Amino acid sequence: MITSFIGFLSVILHIVYSPAPWISITKFTIQSNLLVSVTFLLSVFAIRSRKQHLTPLLDFFKNCSIIYMFIVITTYHFLLASGGEYVGTRIITNFTLHYLLPIFVFMNWIVFEVKKKFSYKHIFLWMLFPLLYCVVSLLRGLVDGFYPYFFLNPTGVIPEGVGSYANVAVFIIAYLCVYIILGIVLILLNRIFLHFKTLNTATSSS
């Protein structure tokens, strides 16, 4: 519940206090944090009401949350942190959206989530939203010339853009490869945790 509350509040305040709210809404950080907030809210509802039919859906979105939050924290820290300064309330929301909430998501998975065996085919489902995000951003850019991130802008030169659609394609392919790697790592970690849990159970019962 705390993660969901902080997420919703941070998203709302970050947009409200933005000098360009409609631009803030287009950011992957905002959309992925909103996904996290909704997911954790649904999780609380499912636990309290014992709605077991929601489990597969929550598993899907929780895995998406882990991968997307890793992208959020690393992309911001290594590529975007030096691109602008925040003032007032947005200093706090910038920290919660880019650092605090991703850490909460990681800690929740490590400590509280029941580890399960997922198929590698799930990776391509987890990639659908980021891929759709890139496609929609590029199509919008063709219409009004706006791109939410410099690496999706084929018309400008660094630091405003990357100069060509070929360079944009390289960035997108690179990110999709990262998503695939993260998906594989997440699946393997789940299986490793399950393996050790099985060993501990067998040891305890023997």
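What volume has the largest cavity? The largest cavity has a volume of about 70 Å³, and the legends below place this cavity among the other features of the chain.

The model is predicted, with local features requiring pLDDT of at least 70 and side-chain atom pairs counted only at pLDDT 80 or more, while totals for chains, interfaces and linings use all residues. Residues are numbered from 1 along each chain as its sequence is written, and side-chain values use heavy atoms, with hydrogens and water left out.

**Figure 1. Overall architecture of the chain.** The chain comprises 8 helices and 0 strands, where helices (H or I, at least four residues) and strands (E, at least two) are DSSP runs numbered from the N terminus. Along the principal axes, the C-alpha atoms fill a box of roughly 65 × 35 × 30 Å.

**Figure 2. Helix 3 and its end.** Helix 3 (residues 28–49) contains 22 residues and spans 31 Å from its first C-alpha to its last, close to the 32 Å expected at 1.5 Å a residue; the expected span is 1.5 Å times one less than the number of residues. Just after helix 3, R50 adopts a positive phi of about 55 degrees.

**Figure 3. Packing of helix 3 against helix 5.** Helix 3 and helix 5 (residues 89–111) pack at an angle of about 40 degrees, their axes lying 11 Å apart. Axes are lines fitted to C-alpha atoms, for helices over the stretch in contact, and angles run from 0 to 180 degrees between N-to-C directions. The contact (heavy atoms within 4.5 Å) involves T29, I30, N33, V36 and F40 of helix 3, together with L97, H98, L101, V105 and N108 of helix 5. By class, these residues are 6 nonpolar, 4 polar and no charged; Ala, Val, Leu, Ile, Met, Phe, Trp, Tyr, Cys and Pro count as nonpolar, Asp, Glu, Lys and Arg as charged, and the others, Gly among them, as polar.

**Figure 4. The two cavities.** On a 1 Å grid over the protein atoms alone, a cavity is a set of points where a 1.4 Å probe fits but cannot get out, a pocket is an open set with protein on both sides within 12 Å along at least five of seven lines, and lining residues have an atom within 4 Å of a point. Grid points are joined across faces, edges and corners, and a volume is the space filled by probe spheres set on the points. There are 2 cavities of 30 Å³ or more. The largest is lined by D59, K62, N63, W109, E113, V114, F118 and N190, and helix 4 gives the most to this lining, with 3 residues. The second largest cavity, of about 30 Å³, is lined by F40, K62, I66, V105, N108, W109 and E113. Helix 5 provides the largest share of that lining, 3 residues.

**Figure 5. The largest pocket.** This pocket holds about 1100 Å³ of space. Its lining has 46 residues, of which K27, L80, Y86, P148 and Y149 are the closest to its centre. The lining divides into 30 nonpolar, 12 polar and 4 charged residues, and helix 4 contributes the largest share, 6 residues.

**Figure 6. The second largest pocket.** About 500 Å³ of space lies in this pocket. Of its 20 lining residues, S43, I47, L58, K62 and E113 are the closest to the centre. Helix 3 gives the most to the lining, with 5 residues, and the lining has 9 nonpolar, 5 polar and 6 charged residues.
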